[in-house]
Amino acid sequence: MPRSPLLSAPVLRVALPSPLRRLFDYLPATTPPLEGWQVGLRVSVPFGRREVVGVIVELASHSELPKEQLKCVHNVLDDTPLPADWLWLCRFTARYYQHSLGDTLANAMPARLRQGHPMAGRTLTLWKRSPSAAEQHDFGRAHRQAALWELLGQHPNGLASRVISAHGFTQDTLSRLAQKGLIISTTQVLTAAAPARTQQSLANPALPLNREQAVTLAALHEKLDDFHPCLLEGVTGSGKTEVYLQLIDAVVSKGRQALVLIPEIGLTPQTLARFRQRFNVPVLALHSGLTDPERLDVWEAAAAGRALIIIGTRSAIFTPLARPGVIIVDEEHDGSYKQQDGLRYHARDLAIARAHHHRIPVLLGSATPSLESLQQALQGSYRHLTLTQRASRHAPARLELTDLRHQPCRGGLLPGTVKAIKKTLEAGKQVLVFINRRGFAPTLACHACGWVAECHQCDARMTLHRQPPLLACHHCDARRMLPPACPECASGDLRALGSGTERTEETLQGLFPKTLIHRIDRDSTRRKDSFEQIMKDVSRGDPCLLVGTQMLAKGHHLPHVTLVVVINADGGLYAADFRALEHSAQLLEQVAGRAGRAADPGRVLVQTLHPDDPHLNQLAEHGYAALARHLLTERRSAQLPPFSFMALLRVESPQVDAATQLATHAAQQVRDWLETQPIQVRCLGPIPAPMERRQNRYHLHVMLSANKRSHLHQAASFLVNWLENNREARRVRWSLDIDPQTLS
């Protein structure tokens with residue numbers, strides 16, 4: 001969108017980091033920016049008793065407020081506006097997710113920009129001898145200048161000021177040589193220095209493709225210069241990443257940029273390493289592990305067009321691109337792409353919208369695609385590409401269901417499972433034991449009276465941990481010491497019920513005392529680089545046991561794992577959330593995909609209390625693709641997403657009456673309004689959330705559902721406007737979630 005700078009503007013409409021969905025009017029500062037007032041400039045303005053950083057989003061001829069009530073902008077922070085593509089994306093996000101534009105802009109920009117720092121990456125100044133200066137120079141009695149001249153002669157590429165200072169030279173000595181014209185300075189960008197024009201984009205040659213990969217890549221090449229949404233459904237280990245790499249090579253060769261989204265920060269190091277081995281061009285990462293200056297460096301390098309490949313987690317979708325060429329969303333089904341608080345956006349959906357805006361291809365890859373994406377592909381809105389062959393040439397391992405009922409278990413492991421683990425270790429291979437529950441045991445109970453350790457702040461049981469010994473709530477993070485006896489009957493017979501990762505690790509250590517065991521969960525990988533170190537140890541291929549949660553299921557290449565054991569597959573089979581079965585099946589299939597990715601075939605043992613469950617059997621016998629299509633049929637019959645559209649109003653308060661009153665009034669207001677409108681929207685609730693009390697706050701839900709997206713957004717907009725103008729709503733915390741992925 002072209003900008004038309006104005007040399008003067010009567011009123012500046014500024015978006016500020018506030019939950020209010022409105023703009024704030026200010027008068028221009030006395031001194032205008034060099035190129036005049038423009039949309040996209042950051043300004044610091046008085047706001048209440050604070051001074052905050054905002055963004056000019058409109059230039060108006062007048063204000064609804066009297067001029068004498070308007071305050072002046074204090075400072076203009078930029079010479080040039082924020083990137084136009086970034087501003088468009090923020091406007092779209094705020095509009096679609098019914099969120100404040102100012103808060104959206106603040107969430108989408110690096111912290112350094114929110115704090116008012118310049119919109120520039122860090123640079124390094126290097127000093128070296130001037131090419132025009134003679135090799136010999138008479139410094140007379142200026143011995144320090146002579147010594148510095150001699151030092152710079154030993155470093156023809158230049159030295160940084162701090163290095164010169166470390167050699168004992170002062171700034172005054174440096175300045176005197178510069179004044180004489182003997183030395184010059186050059187400034188280098190620290191992040192993604194521009195590559196030479198003659199430099200090849202590939203550092204290593206591409207791998208040969210099999211027939212399916214070649215057909216897929218050819219299809220992607222057909223529309224490299226237009227909007228082309230594709231779903232790549234490829235079994236685990238089928239070489240989706242190689243397709244990504246060769247597609248990116250075609251884009252980068254044209255001087256355009258590629259944005260690659262991955263679901264977890266744990267995948268960043270291995271993905272980054274593989275991309276940097278393949279490409280000669282700058283490959284940068286954006287994730288929560290970076291410092292604020294590092295994030296701004298990457299952001300600026302992408303906006304300037306120097307960074308040609310950007311790899312990042314969810315928030316990287318807001319990275320500005322000077323020359324966008326392709327967006328790739330790996331493991332597009334993953335729930336971590338949905339922000340669950342504040343600005344509740346979905347990075348995959350924004351990737352589609354952004355690709356459409358830029359008229360570029362977008363590729364969604366997954367072995368277990370979300371039902372939303374799969375339905376778009378089946379109805380022809382997305383191109384559906386498939387990879388059915390593994391690079392190892394072994395067929396994906398089938399799930400073998402084993403019955404937990406009426407059988408003795410040790411630490412959650414059946415005798416037959418233990419034998420399979422032993423046999424695999426004796427063959428020199430690795431075993432992955434999956435249990436999606438942290439801690440030692442799900443809870444602590446009294447065998448005498450039935451007392452169970454419950455959280456005082458949530459409707460949840462506390463998890464027993466052994467390292468260190470304590471009870472912890474995984475919902476509010478409350479912790480307390482282990483009781484010496486039962487608080488109800490004073491019995492000392494307190495027992496751990498069920499198994500978590502710690503208990504499974506302890507059991508396996510007792511069964512296989514000479515085998516190295518790696519436990520991988522949120523507790524064991526808190527230290528920086530601990531996860532990467534475990535993966536490095538595992539990659540050596542020595543026989544070992546991996547015990548972990550879903551952290552292990554997300555795209556990790558474990559070539560030496562030939563046996564996967566799922567301790568209990570029943571967690572998501574009968575949950576209240578209608579998406580629980582889809583998510584559970586995706587997780588099982590992803591975990592199973594870690595087995596048999598190299599020379600040896602894999603095996604997957606799934607322990608379950610419901611071996612006769614029809615959905616579980618369909619997954620085991622026919623795979624995720626068949627189950628997904630069956631679930632789509634069920635969703636269509638029930639008019640659930642993706643065959644309808646939802647918005648979820650969440651209301652929470654320490655007082656249950658206050659939460660109930662607001663939720664009831666809100667639902668009634670929507671119903672009354674709908675009677676006057678020619679749209680079809682269903683309003684359900686209020687009802688208590690699946691966990692009604694969490695962190696000492698009571699949670700209630702009101703659900704809006706419609707068969708047309710436009711109808712849903714009309715109702716959602718009415719609801720948000722009513723809430724923002726309702727005094728009662730100011731005393732209660734509320735949020736509206738468009739396209740919710742969970743009902744918690």
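Visitor: How many aromatic pairs does the structure hold?
Guide: There are eight aromatic pairs in this predicted model. Take Phe92 and Tyr96: their ring centres are 6.0 Å apart and their planes meet at 15°, so this pair counts as stacked.

Visitor: Where do Phe92 and Tyr96 sit relative to each other along the helix?
Guide: They are four residues apart in helix H1 (residues 84–96), which puts about one helical turn between them. As a rule, an α-helix has 3.6 residues a turn, so residues three or four places apart point the same way.

Visitor: Are Phe92 and Tyr96 buried or exposed?
Guide: Both are buried. Tyr96 has a relative accessible area of 13%, and the cut-off for buried is under 20%.

Visitor: What does Tyr96 form with Tyr97?
Guide: An aromatic pair, this time edge-to-face, with 4.9 Å from centre to centre and 80° between the planes. Tyr97 is buried too, at 3% relative accessibility. Trp88, Phe92, Tyr96 and Tyr97 together make one aromatic cluster.

Visitor: OK, and what comes after that helix?
Guide: Gln98 is in the loop between H1 and helix H2 (101–108). Gln98 is not a glycine, yet its phi is positive, about 55°. Most residues other than glycine have a negative phi. At 10% relative accessibility, Gln98 counts as buried.

Visitor: Which other residue has a positive phi without being a glycine?
Guide: Ala490 is one of them, with phi near 70°. You'll find Ala490 in the loop between strand S21 (479–480) and strand S22 (494–497). Ala490 counts as exposed, with 58% relative accessibility.

Visitor: Switching topic: which rings have a charged end sitting over them?
Guide: Trp149 has the charged end of Arg129 over its ring, 4.0 Å from the centre. Phe440 has the charged end of Arg466 over its ring, also 4.0 Å from the centre.

Visitor: I'd like to hear about helices again. What does H11 look like?
Guide: Helix H11 covers residues 347–358, twelve residues in all. From its first C-alpha to its last it reaches 16 Å, close to the 16 Å expected at 1.5 Å a residue. Nine of those twelve residues are buried, so H11 is largely enclosed by the rest of the structure. Among the buried ones are Leu350, Ile352 and His358.

Visitor: What do the buried residues of H11 pack against?
Guide: H1, strand S10 (257–261), strand S13 (324–330), strand S14 (361–366) and helix H12 (371–378). Just after H11 comes Arg359, with a positive phi of about 60°.

Visitor: And how many residues does H16 have?
Guide: H16 (residues 580–592) has 13 residues. It reaches 18 Å between its first and last C-alpha, close to the 18 Å expected. Eleven of the 13 are buried, so H16 is largely enclosed by the rest of the structure. Its buried residues include Leu581, Glu582 and Gln586.

Visitor: Someone mentioned Ser644. Where does Ser644 lie?
Guide: In the loop between helix H18 (624–638) and strand S27 (645–653). Ser644 counts as buried, at 2% relative accessibility.

Visitor: What is Ser644 in contact with?
Guide: Leaving aside neighbours within four places in sequence, Ser644 is in contact with Gln639, Arg682, Ser705, Ala706 and Asn707. The backbone oxygen of Gln639 lies 2.9 Å from a polar atom of the Ser644 side chain. Ser705 is 61 residues away from Ser644 along the chain, yet their C-alpha atoms are separated by 6.8 Å.

Visitor: Where are the cis peptide bonds?
Guide: One joins Gln467 and Pro468, with omega about -5°. Pro468 is in the loop between strand S19 (463–466) and strand S20 (469–472). Another joins Gly685 and Pro686, with omega about 10°. Pro686 lies in strand S28 (residues 681–694).

Visitor: Last one: what pLDDT does the protein average?
Guide: The average is 88, and 97% of the residues score at least 70. Over residues 1–7, though, pLDDT stays under 50. For that stretch the model has 16 contacts beyond four places in sequence.

Key:
Residues are numbered from 1 along each chain as its sequence is written. Side-chain values use heavy atoms; hydrogens and water are left out. Helices (H or I, at least four residues) and strands (E, at least two) are DSSP runs, numbered from the N terminus. The expected span of a helix is 1.5 Å times one less than its number of residues. Buried means under 20% relative accessible area, exposed over 50%, partly exposed in between (1.4 Å probe, protein chains only). Contact means heavy atoms within 4.5 Å. A polar contact is a pair of N or O atoms within 3.5 Å; within protein, one must be able to donate a hydrogen and the other to accept it, and residues adjacent in sequence count only if both atoms are side-chain atoms. Rings of Phe, Tyr and Trp (its six-membered ring) pair if their centres lie within 6.5 Å; planes under 30 degrees apart count as stacked, over 60 as edge-to-face and the rest as tilted. A charge sits over a ring if NZ of Lys or CZ of Arg is within 6 Å of the ring centre and within 35 degrees of the ring normal. pLDDT is the predictor's confidence in each residue, from 0 to 100.
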